[in-house]
Each structure stands twice: as structure tokens, then as C-alpha cells.
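Keep the 3D view open as you read.

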Amino acid sequence: MIKAVLFDMDGVIFDTERINAKGWKKVAARYQIALTDERIGMLRGRTADVARNLFHEWFGDEVDYDEARGARLEMLMQHLDEHGTPLKPGVREIFSYLKENHIKTALATSTQRERVEIYFEKGNLPLQFDATVCGREVKNGKPAPDVFLKAAELLGLEPGECLVIEDSYNGIRAANAAGCQVVMVPDMDEPTEETKAVCTQTLESLYDVIRYLDELKKLS
């Protein structure tokens, strides 16, 4: 029985992964580094500390990660200032559904809390969850399970009682390692044999997640 839904943020609640990818491309051109689509995908869902280590592995001392990340964040924030934070389809509806059906919610994201608050403010979306776990608030970032284990703990639930909604490979690996049920709603990353093997469902949108939860409710 699903007692809580744990949400990733970028690519699940907000349609920001494409903005981030474009930002990384501009950073790559500015610093003349080989930041390929594959490498950008490897950064998806990772904490800054993990991403910093990847940058060092790829580029050594050729570019400072924090400087490059700062440039990318500046581009992102300029976009959000001008256009607001774009929502993924079905966000408001799924939050309403979960509230009406007394299903707990948690935010479990690799993004730091200060930026999370800005995203929600500029998206005109209340930051109202029963628990939130952000960025460096756990020891190990995704694909380690820490963020989902912490979210379940804060909710007073076992991981197996929680359904995670994720869009990235690293997030799916983390949720599976935590022992949670996992639904993939693809964004930038397409489903693979690996994700199909560990996800309970692969669904096209949050509207489909609502329908899936409704079906489970009827069976319980």
C-alpha cells in the first residue's frame, strides 16, 4: 500500500532540465570544454559535490567546476526571472489528488534548499510537503539512496510504503537502492532496459500517475 509519494524536483515538478542542459552547452562553449550530451546526462540528479568530482575526472584543472556551475546558474536564474519556473503538466492536479486522498508527500531533490525555494516562488507553487530533503542535507547524493531513505524516515514510513516519481537514471537508481517503489516519468532521459527492470511503471505524465494511483486505490 502506498502511503506517500516522494517527488524529485527538476524534470518532475519543474520543466527545468532542458534549461539546465542549454546552460551547460553555453558553458562548454565559453570554456571550450567537451561537455557532451552524455556527460550532461551524467550530471543530472547529482549533488554539486558529486558533479565537482566528475568535472575533475573529465577536465582536471582545465576548468573550475564552481565557476562553470556559477555561470550556468546565472543563465538559469535569468531565465526564471524573465519567464518564471515552468511547471510539468499535471503538477497542480497531482498535488490536489494526493491531498484529497490523504497521501503524504515529500520532496527529495539534489538541489540546494535556497534554490528550491526560489524555484517554487517563481513557479507560483506552494512549497508544501510533509517532508523535504534537499542538496547537502544527506551524506551521499543520488544514485546513493540517502535522500529517499531520509525522506521516508521524516515521514515515519518504511521505504517500501513510498512511491518515488523520478525522471533521471541516477534518481531511479537511488530510489531502487532505497527500497522504494519507483515510477519513471521520462523527461530528458529515455527509458532503458535497466529502468524498466526496476520501475513499477513507466508513465508519460503526472496525469498518468494520478490514474495509476487511482487504480491502486480501487484495488486496495
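A salt bridge here is a side-chain nitrogen of Lys or Arg within 4 Å of a carboxyl oxygen of Asp or Glu. Please bear in mind that this is a predicted model, in which local features need pLDDT of at least 70 and side-chain atom pairs count only at pLDDT 80 or more, while totals for chains, interfaces and linings use all residues. Residues are numbered from 1 along each chain as its sequence is written, and side-chain values use heavy atoms, with hydrogens and water left out.

Side chains of opposite charge can pair when their charged atoms come close. In this model the count comes to 16 salt bridges. Within it, the side chains of Arg18 and Asp187 meet at 2.7 Å, N to O. That pair links distant parts of the chain, 169 residues apart: Arg18 lies in helix α1 (residues 17-31), and Asp187 in the loop between β5 (181-184) and α9 (193-198). Helices (H or I, at least four residues) and strands (E, at least two) are DSSP runs, numbered from the N terminus.

How do the two partners sit relative to the surface? Buried means under 20% relative accessible area, exposed over 50%, and partly exposed in between (1.4 Å probe, protein chains only). Asp187 is buried at 7%, whereas Arg18 is partly exposed at 37%.

Now turn to Arg52 and Asp66, whose side chains form a salt bridge at 2.7 Å, N to O.

Next come Glu166 and Lys142, joined by a salt bridge of 2.7 Å, N to O. Glu166 belongs to strand β4 (residues 162-166), and Lys142 to the loop between β3 (131-133) and α7 (146-155), 24 residues apart. Glu166 is buried at 0% relative accessibility, and Lys142 is buried at 1%.

Finally, look at Thr16, in the loop between β1 (4-7) and α1. Thr16 is buried, with 0% relative accessibility. Which residues surround it? Leaving aside neighbours within four places in sequence, Thr16 is in contact (heavy atoms within 4.5 Å) with Asp10, Gly11, Thr85, Pro86 and Tyr119.
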